[in-house]
Amino acid sequence: MYLSNIETIPGKEIVEFYGMVSGSTVRAKNVGRDIMATFKNIVGGELKGYTELLQESRNEATNRMIQEAKNYGANAIVNVRYATSSVAQGASELYVYGTAVKVEE
């Protein structure tokens, strides 16, 4: 599956269009990560627990979007975009969307 954040796959011609596909996941922070983040706020540095949480969320949302595109018969997704939002206190949604297409092989 080709993924691109531009409107084409360089070197490939789009031969079919399937429309928008998306994937999302809502994740909550856990108490352990919040405690460690509080200490890091004092001394500074990367919040590795949150970094891992966001990476896991991006992977899960992307995999869900890819599965939806495969269900249409697409072999590429172009114009991929990510967005985050807070859905409740301590819980955030990571949303990814793009356009499912078929490109020449």
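This briefing describes the strands, the sheet and the helices of one protein model. The model is predicted, so local features need pLDDT of at least 70, side-chain atom pairs count only at pLDDT 80 or more, and totals for chains, interfaces and linings use all residues. Residues are numbered from 1 along each chain as its sequence is written, and side-chain values use heavy atoms, with hydrogens and water left out.

**Confidence**
- The protein averages a pLDDT (the predictor's confidence in each residue, from 0 to 100) of 90, and 92% of the residues score at least 70.
- Confidence is lowest in helix α1 (residues 31–43), at a mean of 70, and highest in β1, at 98; helices (H or I, at least four residues) and strands (E, at least two) are DSSP runs, numbered from the N terminus.

**The sheet**
- An open sheet of 4 strands has the order β1-β3-β4-β2, with mixed pairing; two strands pair if DSSP finds at least two bridges between them.
- Strands β1 and β2 (14–28) stand at the edges with a single partner strand each, so one side of each has no neighbour in the sheet.
- Helix α2 (residues 48–72) packs on the sheet and touches β1, β2, β3 and β4, where contact means heavy atoms within 4.5 Å.

**Strand pairs**
- Strand β1 (residues 2–3) pairs with strand β3 (residues 76–88) in the parallel sense over 2 bridges, and the bridge partner of Y2 in β3 is A76.
- Strands β3 and β4 (residues 91–103) run antiparallel and are joined by 10 bridges.
- In β4, V96 stands opposite Y82, and S92 stands opposite S86.
- The hairpin of β3 and β4 has 2 residues between the strands, and G90 in the turn has a positive phi of about 85 degrees.

Definitions and conventions:
Axes are lines fitted to C-alpha atoms, for helices over the stretch in contact, and angles run from 0 to 180 degrees between N-to-C directions.
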